[in-house]
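Hi,

Here is the structure I said I would pass on. Have a look at it first, and then read on for what I found.

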Amino acid sequence: MPKSGNKKRLTKRHWLKLLPIDSIKVQPTTVTYKNPPTQTKDQKRMTPDIIEANKQRFIALCHEHIKREGVDKVLAYLENTDFYTAPSSTNFHLNEDGGLCQHCINVFETACSIYDSVAQPAIENGTSPFQEQISRESIAIATLFHDICKVKMYHKAERWKKDDKGKWQSYNGYEIKDDFPFGHGEKSCLMLSWYMRLKPEEMLAIRWHMGMFDVGENGSTNRYSFFTASDKSALVSIVHAADFLSSKLKEKTTTY
């Protein structure tokens, strides 16, 4: 065991290596994708063409709605990860190749609908407890990037289940290997903060996008933090609701 005098303080560079994050080279991105393929009712999983179309749509949404310095660095980082091909979960919503990117797009679209049809009218007519409008940029940042904590975390592996006759059979599924176990929403906040500056309300919305599902046995301290965060900005409730509704109403679970 090394002596205490030889210990070095972990810097940002060390954390980047722990993730690990590849070196970032920012290049301008031009997106053109006409008549993108869509998943039909009979298709059980997303095809490579659909996954590529979702990638191009995600990049286009980022360029359209996010003008903040650093967004190109975030996109350059994601390009060097499995973000566009990874599943959104191992056993739940969109547990298939390409699910993570699709989920983030779904949450963005759902959040925009909630804000346009529910929150904004209430803010404008004075019935909402909130008075400040929320920019489309903040909604885009808090939704499109809310789950970047999942990159490089889901890995394909042989899994086992029982068939109709009770016999074990193998199938190609996923397992979790987290090289940087820093939490969920808080991990996304930390990773984003290395590339762009986040507003307080955006950090709160990303941190608490799982709502009470991310509190668990941690007790009253986290419950208090979540409810207090919800009172700070309408964006917190919008992103939480959009994440929940997308995963429950718009996204299927694949049975292998």
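Which residues of α5 meet which residues of α7? Keep in mind that this is a predicted model. On the α5 side they are Ser138, Ile141 and Ala142, and on the α7 side Glu202, Ala205 and Ile206. By type, the residues of this contact divide into four nonpolar, one polar and one charged. As for the geometry, the axes of the two helices, α5 and α7, come within 9 Å and cross at roughly 30°, and the crossing is right-handed.

Leaving out residues up to four places away in sequence, Glu202 touches Arg68, Ser138, Ile141, Ala142 and Leu235. Glu202 and His146 are 56 residues apart in sequence, yet their C-alpha atoms are 9.5 Å apart in space.

Now the wider picture. The protein has nine helices and two strands, and from the N terminus on the order is α-α-α-α-α-β-β-α-α-α-α. Of its 256 residues, 46% count as buried. Among contacts between residues at least 6 apart in sequence, 67% join residues at least 24 apart.

The largest nonpolar core holds 54 residues, and Phe58, Leu78, Phe83 and Phe145 touch the most other members. Two or more residues each come from α2 (48–65), α3 (71–79), α4 (99–125), α5 (136–144), α6 (185–193), α7 (200–207), α8 (220–232) and α9 (234–250). The largest share, twelve residues, is from α4.

Finally, a word on confidence. The mean pLDDT is 84, and 77% of the residues reach 70 or more. Where pLDDT is low, the predicted coordinates should not be read in detail.

Cheers

Methods:
Residues numbered from 1 in each chain as written. Predicted model: local features only at pLDDT ≥ 70, side-chain atom pairs only at ≥ 80, totals over all residues. Heavy atoms only, no water. Core = buried A, V, L, I, M, F, W, Y, C linked by side-chain atoms within 4.5 Å. Buried < 20%, exposed > 50% of the residue type's maximum accessible area, 1.4 Å probe, protein only. Helix = DSSP H or I, 4+ residues; strand = E, 2+ residues; numbered from the N terminus. Axes fitted to C-alpha atoms, helices over the stretch in contact; angles between N-to-C directions. Left-handed = near helix turned anticlockwise from the far one by under 90°. Contact = heavy atoms within 4.5 Å. Nonpolar A, V, L, I, M, F, W, Y, C, P; charged D, E, K, R; others polar. pLDDT = per-residue confidence, 0-100.
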